[in-house]
Amino acid sequence: MADITYREALRQALREEMLRDERVFLLGEDIGAYGGSYAVTKGLLEEFGEKRVKDTPISETAIIGAAVGAAMDGLRPVAEIMTINFTLVAIDQVINNAAKIHYMFGGQFRCPLVIRTVGGGRRLAATHSQNLEVLFAHIPGLKVVAPATPYDAKGLLKAAIRDDDPVVFIEHSLLYSTRGPVPDEDYVVPIGVSDIKRRGRDVTIVAYSRMTREALIAAEELAKQGIEAEVVDLRTLRPLDMGPVLDSVARTNRAVVVGEDWRSFGIGAEVAARIQEEAFDELDAPVLRVSQLEVPTPYAANLEKLAFPGSRQIVEACQQVLNIQVGAPVAAG
Amino acid sequence: MDNRHAALGLNDDALVAMYEKMLLTRLLDERAWVLNRLGKVHFLVSAQGHEACQVGAAWALRPGVDWLLPYYRDLGVILTIGMTPRDYLLALLAKAEDPNSGGRQMPSHWSYPPLNIFTGSSPVGTQVPHAAGIAYGAKLRGDDIVVYVSFGEGTASQGDVHEGMNFAAVHKLPVIFLCQNNRYAISVPQQKQMAVENVADRAAGYGFPGVVVDGMDPLAVYAAMQEAVERARRGEGPTLIEAKVYRLTPHSSDDDDRTYRPREEVEEWKRRDGVARFKEYLMGVGVWTEEADQELRRRLLAEIDAAVEYAQAAADPEPSDLLRHVYAE
């Protein structure tokens with residue numbers, strides 16, 4: 001068990017899957033000699049050569065479209081789209097093609113492709129730091145993964161590459177340098193399984209990706225106030241595994257759902273709806289959401305800081321569902 | 001040295017004024033890097049190596065009349081058309097007074113309605129169809145304008161570029177497409193981006209002229225632009241100009257070009273630097289002296305110093321304005 005970064009965990013997953021299965025190849029912008037905009041593919045060109053690590057033109061539609069074709073043809077492409085914002089250029093290939101091919105062919109063709117992309121971002125403004133996971137999570141036929149820790153990142157990427165369906169694998173730009181324990185031996189984390197990251201009896205915090213870390217920070221803060229929060233990390237957004245969430249709510253009777261996306265029609269809306277549909281009688285308070293304010297991400301640092309949620313807003317939302325009077329209102333979300 | 005500018009309708013004063021904009025672009029860009037390395041500027045995209053192309057191109061446009069959809073590297077274009085170092089620095093530092101967006105948009109994503117400068121998105125190439133649309137509107141209204149839209153050769157691989165060019169061609173719209181080919185899409189060299197030598201060769205496939213020019217020579221770019229402007233204003237439709245340039249710095253303050261470009265190549269292109277070459281031309285035709293150059297540098301640096309000072313002291317955006325401008329007020 002070594003302590004490695006999220007970035008290194010992803011790199012190991014790619015490398016190990018490329019060694020394990022020669023059908024796996026990578027394509028994307030600046031992934032070769034440059035090693036990827038977030039340095040995840042560093043060293044892979046040198047090890048596997050240009051046939052399996054393809055630098056592409058700036059052509060997101062061709063990257064994903066070609067990956068769809070190669071996947072249908074029996075390969076296991078892993079397409080890197082530099083940021084999730086740029087997937088919008090190729091959204092037709094994702095939603096009208098990758099997601100629907102298996103269905104439209106009546107199951108005769110599989111589309112085992114992975115689209116690795118990056119959500120979040122700071123100081124990159126409105127069209128360069130969005131959290132668009134819900135666009136993909138909305139679509140039947142896609143699987144959507146958003147890991148929070150190096151362990152989950154590695155295990156889920158390996159599962160995604162081995163999966164027979166298209167997987168949108170959403171990394172987070174602020175997580176790449178975070179560290180955590182990762183086993184030396186081969187393992188996968190199954191897609192579609194939520195994970196309890198912290199036990200607690202008083203309130204359930206549901207989160208994913210970087211917000212899981214913020215939720216854990218919030219839980220530490222709450223513990224100092226005598227509140228024990230349970231943190232459930234969704235890890236996969238589609239298919240959504242509500243089991244651990246509902247079990248937790250049955251014990252705590254209160255829930256706060258945290259996402260870095262916008263509140264309206266977001267991941268939090270879906271999770272809150274599922275809680276009230278499936279555990280209405282367990283609830284002692286309305287389910288609250290913590291999310292980005294409904295504004296495109298501003299460039300100015302002071303405005304951006306106000307727009308994004310963090311541990312402070314999570315703490316306040318938990319206090320609110322526990323009906324603990326606090327001075328400040330919930331600022332974000 | 002032969003006089004090449006008179007035939008283009010440029011007198012000596014215009015020549016010196018062009019050089020001034022080129023030098024201003026270079027010095028301002030260099031200052032932005034210093035501010036970045038001092039931790040005062042979070043992010044910048046550099047124009048170094050593109051100045052000759054940009055000033056030569058903008059010189060053929062009418063400020064406040066023609067429309068511009070410059071891409072993020074076009075510092076020389078926006079300075080030539082009339083934005084100021086102060087405007088640039090206010091955006092770079094995301095200040096409330098930033099005339100582009102009040103600190104909302106990324107730096108170098110220019111927007112300035114008084115000069116008909118239209119902002120772009122971060123996914124590249126999306127401005128190209130916009131240019132076609134603006135030109136279509138102008139044609140419907142009978143306005144005598146041209147629309148300038150620029151992009152790198154990397155962006156030329158985007159579908160939006162193809163669609164925008166085809167639309168402009170079909171409707172014979174007054175659009176000038178300027179591809180500033182600096183040979184690298186961040187790290188990916190041209191031969192991995194396209195199987196042709198010139199982006200301009202593609203113009204034939206749309207049915208309008210494609211011209212290749214030396215982008216390190218402002219007079220060559222100006223001449224090509226003049227012709228394209230005249231063609232557009234005669235109602236004959238778009239032109240694609242490909243200016244061969246070289247970016248002398250990394251793509252942005254966030255990448256290290258040593259991983260993908262040999263140092264000898266960068267050094268070789270520095271010897272062909274457009275700013276230095278144009279200064280030599282000015283001196284060669286007898287309109288410029290070393291003393292005048294030193295004096296100009298002093299004046300431009302003083303202007304930049306003042307702009308930096310002003311921008312640093314300027315107020316940040318008001319937190320109470322956080323939710324403004326999402327919808328019309």
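I count a charge as sitting over a ring if NZ of Lys or CZ of Arg is within 6 Å of the ring centre and within 35 degrees of the ring normal. B:Arg4 lies over the face of B:Tyr281, at 5.8 Å from the ring centre. I also found the charged end of B:Arg261 over the ring of B:Tyr184, 5.7 Å from its centre.

Ground rules: this is a predicted model, where local features need pLDDT of at least 70, side-chain atom pairs count only at pLDDT 80 or more, and totals for chains, interfaces and linings use all residues. Residues are numbered from 1 along each chain as its sequence is written, chains are lettered from A and ligands numbered from 1 in the order in which they are written, and side-chain values use heavy atoms, with hydrogens and water left out.

Next, ring pairs (Phe, Tyr and the six-membered ring of Trp, centres within 6.5 Å; planes under 30 degrees apart are stacked, over 60 edge-to-face, the rest tilted). I get 17 aromatic pairs over all chains. B:Tyr19 and B:Trp288 are edge-to-face, because their centres are 5.6 Å apart and their planes at 70°. Buried or exposed (buried is under 20% relative accessible area, exposed over 50%, partly exposed in between; 1.4 Å probe, protein chains only)? B:Tyr19 is buried at 1%, and B:Trp288 is buried at 12%.

I then looked up B:Tyr136 and B:Phe167, an edge-to-face pair at 5.9 Å centre to centre and 75° between the planes. B:Tyr136 is partly exposed at 32%, and B:Phe167 is partly exposed at 36%.

Last entry: A:Tyr34, B:Tyr184, B:Tyr246, B:Tyr260 and B:Trp269 form one aromatic cluster.
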